[in-house]
Amino acid sequence: MTKINKESPWQDLTPGGTMYDAGNSLEFKTGDWRSVKPVYIEEKCKQCGLCFPVCPENAIPVNKEQKREDFNYDYCKGCGICANVCPFDAIEMKEE
Amino acid sequence: MSIRERLSGNEASAIAMKQINPDVVAAFPITPSTEIPQYFSTFVSNGVVDTEFVAVESEHSAMSACIGAEAAGGRAMTATSSNGLALMWEMIQIASSLRLPIVMPLVNRAISGPLNIHCDHSDAMAIRDSGWIMLFSENNQEAYDNLLMAHRIGEHKDVMLPVTICQDGFITSHSIENIELLEDDVARKFVGEYKPEHYLLNSKEPISVGPMDLQAYLFEHKYQEANAMRNAKNVILEISKEFEKLTGRSYSLFEQYKLEDAEVAIVCMNSTAGTTKVVVDELRNKGIKVGLLKIRVYRPFPAEEIAKALSNVKAIAVLDRADSLNACGGALFTDVTSGMFVNNVQIPTVNYIYGIGGRDTTSKDIEGVYSDLMEIAKTGKVDNPYRYFGLKS
Ligand code: SF4
Ligand code: SF4
């Protein structure tokens with residue numbers, strides 16, 4: 001399949017825009033939608049595990065020890081849900 | 001050997017669906033849908049089809065389920081009417097833009113309000129610019145035949161668009177007429193198997209359907225859809241030829257009934273064409289040269305071919321069974337006249353809105369139209385192009 005980009009002519013586009021590939025939302029970085037940004041305050045974090053399941057963008061990476069790491073700002077769109085659920089004030093929303 | 005039967009338009013459509021044996025039928029089982037899913041569900045219960053029947057909670061869901069099933073790689077069908085179609089409207093656009101060749105019988109009934117459930121074409125006209133192929137049927141035989149051709153047309157690789165098969169509510173859908181059916185295996189062989197190139201349930205090629213399509217892409221995708229609609233004209237003619245070889249029943253983009261040497265002509269769709277044919281025969285017996293152009297393929301609209309077919313008459317009446325409420329004329333009228341204009345065919349043409357909400361259309365009404373046309377042909381003058389018949393005034 002030809003690589004489709006913003007300059008592709010109509011002849012190269014697939015019918016209905018179907019992508020002959022899966023998992024490609026990884027290529028769509030939603031980070032630039034953000035107007036406020038969550039900041040991770042590691043010393044306050046108790047690793048309670050409440051924040052990462054609620055993130056709609058999967059932008060809170062979790063390591064092999066089931067511990068959260070710092071935000072992935074490529075995809076975090078700044079919705080603030082994580083900050084809202086954190087019981088220990090370990091996430092602070094700041095203007096970009 | 002074909003089978004002689006007597007069936008209503010709804011029964012004929014359900015039998016066509018039985019012979020097609022689709023993978024999925026998703027339908028809303030009560031009004032405003034039609035009897036078609038009801039008859040079809042008995043085929044499912046009796047085990048004569050392999051179809052998964054999904055009794056959904058609304059028409060919006062019916063079309064949504066069809067979209068999912070078709071994208072998965074199956075053949076999906078539903079059937080609806082009037083306000084049921086109105087509730088589907090959002091998903092109607094998704095089906096065509098995702099290029100999913102779903103097939104749907106549409107029994108034409110009025111879009112309320114005030115509340116009315118009887119025949120007119122206001123439902124079909126509300127989706128006329130939605131990227132669906134639309135075939136109209138004069139009677140139960142045509143509804144059946146068109147339905148057997150529908151998948152072949154929609155699934156063609158140059159088309160990939162959904163198809164709706166229209167017939168007049170009650171007048172065709174509930175009247176029992178003679179019909180010639182194909183045997184199940186012959187029909188099934190003609191329809192063939194659906195083998196989509198890309199589909200969601202193909203584990204060897206994972207795909208994503210219905211992505212974001214912003215400023216850089218939607219225009220090109222719409223152009224592809226428009227092209228598919230242009231391609232559909234030839235595909236419809238090809239499939240119709242093949243169908244004719246099998247059944248002896250000939251179909252084209254439209255039917256010309258005694259139009260060749262006609263001085264004046266009526267253009268109309270669905271069951272009114274049957275009434276008009278009777279009047280044409282009566283007037284011809286009196287030596288009055290009248291003709292009929294009955295539209296079968298409304299989308300794609302065969303503008304150039306229609307203009308050419310009408311180019312030798314002296315006056316034309318286009319009959320619209322829905323008022324576009326635009327202060328200039330019905331949808332079929334504006335389509336026909338714009339087709340004539342761009343193809344340099346300048347003939348006095350009038351529009352009649354008629355039959356709204358199931359108002360009876362009699363042979364006397366049609367005679368009245370022909371007599372108006374003879375007058376226009378004589379004088380060459382049209383004082384009011386946007387008229388009504390059957391209206392109490
Ligand atoms: S702000 Fe929203 S998107 Fe960003 S990490 Fe928190 S929950 Fe996820
Ligand atoms: S909710 Fe707060 S405390 Fe719990 S893991 Fe997330 S950041 Fe840490």
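## Interface between chain B and chain A

Buried area is the accessible area, taken with a 1.4 Å probe, that two parts lose on being put together, summed over both. In this predicted model, the area buried between chain B and chain A is about 1600 Å², and carbon and sulfur atoms account for 66% of that area. On the side of chain B, the residues that lose the most area to chain A are Ser208(B), Tyr217(B) and Gln224(B), which together give 30% of what that side buries.

In terms of contacts, 19 residues of chain B meet 18 residues of chain A. Between the two chains there are 10 residue pairs in polar contact, both residues being at pLDDT 80 or more, whereas the number of salt bridges found across the interface is zero. Helix α8 of chain B (residues 218-247) supplies the largest share of the side that touches chain A, with five residues. By class, that side of chain B comprises 10 nonpolar, six polar and three charged residues.

## Pro15(A) at the chain boundary

Pro15(A) lies in the segment of chain A before β1 (36-40). Beyond its neighbours within four places in sequence, Pro15(A) is in contact with Tyr20(A) and with Arg99(B), Met160(B) and Gln224(B). Gln224(B) is also one of the residues of chain B that lose the most area to chain A. The relative accessible area of Pro15(A) is 27%, so this residue is classed as partly exposed.

## Gln167(B) in strand β8

Strand β8 of chain B (residues 163-168) contains Gln167(B). Because its relative accessibility is 1%, Gln167(B) counts as buried; the cut-off for that class is under 20%. The side chain of Gln167(B) reaches the backbone nitrogen of Ser173(B) at 3.4 Å.

Apart from neighbours within four places in sequence, the contacts of Gln167(B) include Gly9(B), Asn10(B), Ser13(B) and Ile36(B). Leu106(B), Val107(B) and Asn108(B) are also among them, as are Thr172(B), Ser173(B) and Asn270(B).

## Surroundings of the ligands

Around ligand 1 are found Pro38(A), Cys55(A), Pro56(A), Ile60(A), Phe71(A), Cys76(A), Lys77(A), Gly78(A), Cys79(A), Gly80(A) and Cys82(A). This shell consists of eight nonpolar residues, two polar residues and one charged residue.

The residues that surround ligand 2 are Cys45(A), Lys46(A), Gln47(A), Cys48(A), Gly49(A), Cys51(A), Arg68(A), Cys86(A), Pro87(A), Phe88(A), Ala90(A) and Ile91(A). Divided by class, the shell around ligand 2 has eight nonpolar, two polar and two charged residues.

Technical notes: Residues are numbered from 1 along each chain as its sequence is written. Chains are lettered from A and ligands numbered from 1 in the order in which they are written. This is a predicted model: local features need pLDDT of at least 70, side-chain atom pairs count only at pLDDT 80 or more; totals for chains, interfaces and linings use all residues. Side-chain values use heavy atoms; hydrogens and water are left out. A residue is near a molecule or strand if one of its heavy atoms lies within 4 Å of it. Ala, Val, Leu, Ile, Met, Phe, Trp, Tyr, Cys and Pro count as nonpolar, Asp, Glu, Lys and Arg as charged, and the others, Gly among them, as polar. Contact means heavy atoms within 4.5 Å. A salt bridge is a side-chain nitrogen of Lys or Arg within 4 Å of a carboxyl oxygen of Asp or Glu. A polar contact is a pair of N or O atoms within 3.5 Å; within protein, one must be able to donate a hydrogen and the other to accept it, and residues adjacent in sequence count only if both atoms are side-chain atoms. Helices (H or I, at least four residues) and strands (E, at least two) are DSSP runs, numbered from the N terminus. Buried means under 20% relative accessible area, exposed over 50%, partly exposed in between (1.4 Å probe, protein chains only).
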